[in-house]
Amino acid sequence: MAQTTDHMLRGILADVLALKPGQADALTRASGLFGHLPELDSMAVAGLLTEIEDRLDITIDDDEFDGELLETYGTLLGFVEAKRAP
Amino acid sequence: MARCSALSKPSVRPDPVMASSTPVLAWSEWPCPLPGGGTRGESALVCDHSRRKRLLIIPALFEEGNRMRRITAEVMRRLGGAGIDSFLPELPGLGESTVALRAQTPGDWQLAMQGAAGHFGATHALAIRGGALVAPRGLPGWRYGMVSGASLLKMLMRARIVAMREGGIEETQPALLATGREKGLALAGYQLSADFIDEFVTLVPDPASPLADIAQDMVGGGALWLRAEPGEDEGQADALAAIIAMGLAT
């Protein structure tokens with residue numbers, strides 16, 4: 001499950017950030033997201049969260065998304081994995 | 001995606017009218033019907049050579065319209081080269097329209113698209129994303145990446161929540177929706193009236209629509225409406241044009 005979540009999340013980020021094949025694989029847990037990538041503005045974050053919900057079949061509440069959630073790839077992955085945990 | 005490239009080459013054949021050059025897109029004004037009667041001039045991007053196959057394109061809405069603009073124009077050029085005229089009207093209140101968005105409702109947009117279909121003599125329609133929610137009735141064709149009004153509204157409200165949170169102001173979707181339905185709301189720079197929000201949040205793609213669904217896996221690659229910044233993808237434009245050209249060839 002964890003590997004699948006990781007793989008799917010990288011796929012979503014590749015679509016949102018227009019990453020070329022292989023670039024999404026280079027994301028590490030420390031890779032910065034919101035606040036580090038100028039193209040990831042509030043509208044893009046909104047689209048990213050909605051796509052995560054749709055593809056990973058989870059619900060993200062209003063009070064769960066903030067700058068910390070999207071600070072790094074690792075924080076986002078940890079959040080999504082916890083949401084998908086049985 | 002092999003399936004798409006295999007589709008695109010044989011189907012998008014040069015049309016004798018356009019064979020010598022890349023099809024040129026031009027601006028055209030059309031009489032947009034008004035809810036109370038009468039018309040007002042609105043603009044449209046067109047590829048019109050008085051051909052028999054005439055496709056009305058209902059654009060994606062709001063920010064997605066910006067992200068999808070380039071691929072939409074690229075599909076129009078490809079279709080022009082394949083003997084198909086196409087028409088991309090502005091929705092009143094968006095793009096080059098001279099009227100205020102806050103004065104519009106989804107019903108006004110649907111009326112506008114119905115008027116555009118009649119004015120341009122459209123034989124088919126391609127509705128992109130939320131465009132399917134305001135597509136003219138009765139035309140056959142396609143809807144690409146269809147989405148509900150509630151889903152689009154949710155994204156717009158989230159964008160506002162994220163932006164406001166950066167400024168230390170907490171908002172929630174239920175509270176924003178309640179305010180929006182009562183007083184209207186500014187979402188991601190779009191001024192939406194109470195009537196607009198009240199109507200839009202209930203809109204879902206019509207299950208009885210004559211428009212055939214085009215899913216992203218038929219087009220290949222990541223959907224361009226998801227991009228953080230507007231992008232382009234020639235392969236996706238080829239695939240979309242091929243699906244339409246093949247559908248119109250029969």
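Axes here are lines fitted to C-alpha atoms, for helices over the stretch in contact, and angles run from 0 to 180 degrees between N-to-C directions; helices are DSSP runs (H or I, at least four residues) numbered from the N terminus. This is a predicted model, in which local features need pLDDT of at least 70 and side-chain atom pairs count only at pLDDT 80 or more, while totals for chains, interfaces and linings use all residues. Residues are numbered from 1 along each chain as its sequence is written, chains are lettered from A in the order in which they are written, and side-chain values use heavy atoms, with hydrogens and water left out.

The axes of helix 2 (residues 42-56) of chain A and helix 4 (residues 149-166) of chain B come within 8 Å and cross at roughly 130°. The two helices are therefore oblique to each other, a class that holds the angles left over when those under 35 degrees count as roughly parallel, over 145 as roughly antiparallel and 65 to 115 as roughly perpendicular.

Between chain B and chain A, 22 residues of chain B are in contact with 22 residues of chain A (contact means heavy atoms within 4.5 Å). The rule finds 2 salt bridges across this interface, each being a side-chain nitrogen of Lys or Arg within 4 Å of a carboxyl oxygen of Asp or Glu.

| Side chains | N to O distance |
|---|---|
| A:E53 and B:K154 | 2.9 Å |
| A:D15 and A:R55 | 2.6 Å |

The pair A:D15 and A:R55 links helix 1 (residues 2-17) of chain A with helix 2 of chain A, 40 residues apart.
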